[in-house]
Amino acid sequence: LSLAKDLRVVFIKFACRLYDMRRIEERELEEQKHLARETLDVFVPIASRLGMYQLKGELEDLSFRCLMPESYMSIHQQLLEQGKMRVEWIDYAKKSLLTILSKDGIQAQVEARLKGYYSIYIKLKKKNKTSIDEIFDLFAIRVILPDQMSDNGESIGHLYTVLGIIHKH
């Protein structure tokens, strides 16, 4: 009930949980497991519903590291092996998208991020794979366009135009 009345309570709870998860190694093993499980089951879904995706990702990864350390380290090792190549590819993709869109006179912002360890783990599990070399979406790219208004309100036609340009290339 207090969450519904004042969102500041939610933010304080999230700050406390993030602090606790970042320092989880200082607790006893049983308490670590309990805290990590509760974080995945309660805090992560709420963060997702509130659109707090960066917080959601960090809480997932911290919980994952605590609850499944072998799987976490396996993914960590595989990502280290790809390391610099992934970052370079993301930079190349962002620059390419901006170039393609600007040639067509489209002002856009392009953001990219690496997928979190837990997200990769879930993807591997769903596809029944063991190596990150067997999955393709290890990062996400987002194209952000300015709102466009028409006489009927907000227009979305430019979104499909941009999608068509990207598909063409």
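Y121 is buried in this predicted model, with a relative accessible area of 15%; buried denotes under 20% relative accessible area, exposed over 50% and partly exposed the range in between (1.4 Å probe, protein chains only). The ring of Y121 pairs with that of F64, and because the centres are 4.8 Å apart with the planes at 35°, the pair is tilted. Rings of Phe, Tyr and Trp (its six-membered ring) are taken to pair if their centres lie within 6.5 Å, with planes under 30 degrees apart counted as stacked, over 60 as edge-to-face and the rest as tilted. The pair links distant parts of the chain, as F64 belongs to helix 4 and Y121 to helix 6, 57 residues apart. Helices (H or I, at least four residues) and strands (E, at least two) are DSSP runs, numbered from the N terminus. F64 has 0% relative accessibility and therefore counts as buried.

The model is predicted, so local features need pLDDT of at least 70 and side-chain atom pairs count only at pLDDT 80 or more, whereas totals for chains, interfaces and linings use all residues. Residues are numbered from 1 along each chain as its sequence is written, and side-chain values use heavy atoms, with hydrogens and water left out.

Seven aromatic pairs were found in a search of the whole structure. In one of them, F64 and Y72 are arranged edge-to-face, at 5.7 Å centre to centre and with 65° between the planes. Both of these residues, F64 and Y72, are buried. One aromatic cluster is formed by F64, Y72, Y117, Y118 and Y121.

F64 also belongs to the largest nonpolar core, which has 30 residues; those with the most contacts inside this core are F14, M21, L55, L59, F64, I75 and I120. A nonpolar core is defined as a set of buried Ala, Val, Leu, Ile, Met, Phe, Trp, Tyr and Cys residues joined through side-chain atoms within 4.5 Å. Two or more residues are given to this core by each of helix 2 (7-22), helix 3 (29-49), helix 4 (53-67), helix 5 (69-103) and helix 6 (117-126). A second, separate core has five residues, among them L101, I106, V162 and I165.

With neighbours within four places in sequence left aside, F14 is in contact (heavy atoms within 4.5 Å) with F43, I46, A47, L50, M52, L55 and L59. M21 lies in helix 2 and counts as buried because its relative accessibility is 0%. Residues up to four places away in sequence not being counted, M21 touches L35, A36, T39, L59, L62 and S63. The C-alpha atoms of M21 and Q32, eleven residues apart in sequence, are 8.5 Å apart in space. T39 is located in helix 3 and, at 0% relative accessibility, counts as buried. The side chain of T39 reaches the backbone oxygen of L35 at 2.7 Å. Beyond its neighbours within four places in sequence, T39 is in contact with R17, M21, V44, P45, L59 and S63.

Charged residues were examined next. The whole structure contains twelve salt bridges, a salt bridge being a side-chain nitrogen of Lys or Arg within 4 Å of a carboxyl oxygen of Asp or Glu. E58 and R22 meet in one at 2.7 Å, N to O. E58 lies in helix 4 and R22 in helix 2, so this pair ties together parts that are 36 residues apart in sequence. Both partners are partly exposed, E58 with a relative accessible area of 27% and R22 with 48%. In the bridge between K56 and E60, the closest N and O atoms are 3.1 Å apart; these residues are four apart in helix 4 and are therefore separated by about one helical turn. K56 is partly exposed, at 21% relative accessible area, whereas E60 is buried, at 11%.

In helix 5, R86 is buried yet has no salt bridge, and the nearest side chain of opposite charge, D133, is 9.2 Å away. For charge, Lys and Arg count as positive and Asp and Glu as negative, while His and the chain ends are not counted. R86 is in contact with L79, L114 and L138, leaving aside its neighbours within four places in sequence. K95, also found in helix 5, counts as exposed at 59% relative accessibility.

How values were computed. Polar contact = N/O pair within 3.5 Å; in protein donor to acceptor, adjacent residues only side chain to side chain.
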